[in-house]
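Hi everyone, thanks for making time.

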Amino acid sequence: MHHDTLFAALQTADMLEIDGLHAWEFTLEPTQLAALEAGQPGDGGAPFLRVECMDGRTRREWRFSLAAVQAASFDAANVCWTLDDPQGSHTLRCLDAFIGSDDDGAEE
């Protein structure tokens, strides 16, 4: 499902992939999130999105400002978002988790 903004996509995502790495954790800053949900503009330069993952044995972390999330552009061909931080551009893919059924299809 495509959302018009990265902010909207993040609110429904279960997992993220950043620069080809599956992120084991991502969070939206609660104070900023509450302000946005209340219709307030939020602080564009303040940290908003934090993404963590393991790259081999190395823990990696990215932090993006609200302004960076709001300025992200969607690449429809690759179904991903491009957003920038001081270190450069990053590719972010919002993923939904798959939940299996507990029904084993009991034979009769």
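Let's start with pLDDT, which is the predictor's confidence in each residue, from 0 to 100. Helices (H or I, at least four residues) and strands (E, at least two) are DSSP runs, numbered from the N terminus. Now, this is a predicted model, so local features need pLDDT of at least 70, side-chain atom pairs count only at pLDDT 80 or more, and totals for chains, interfaces and linings use all residues. Residues are numbered from 1 along each chain as its sequence is written, and side-chain values use heavy atoms, leaving out hydrogens and water.

The chain averages a pLDDT of 87. Among its elements, helix α2 (residues 30-37) has the lowest mean, 89, and strand β6 (residues 73-75) the highest, 95.

On to the sheet. It's open, with five strands in the order β2-β1-β8-β7-β6 and antiparallel pairing; strands pair if DSSP finds at least two bridges between them. At the edges sit β2 (21-23) and β6, each pairing on one side only. β6 pairs with β7 (residues 80-85) over three bridges, and F74 has W81 in β7 as its bridge partner.

Now find H90, in strand β8 (residues 88-95). Is H90 buried or exposed? H90 is buried, at 8% relative accessible area; buried means under 20%, exposed over 50%, partly exposed in between, with a 1.4 Å probe and protein chains only. Its side chain makes polar contacts with the side chains of D19, at 2.7 Å, and D85, at 3.0 Å. A polar contact is a pair of N or O atoms within 3.5 Å; within protein, one must be able to donate a hydrogen and the other to accept it, and residues adjacent in sequence count only if both atoms are side-chain atoms.
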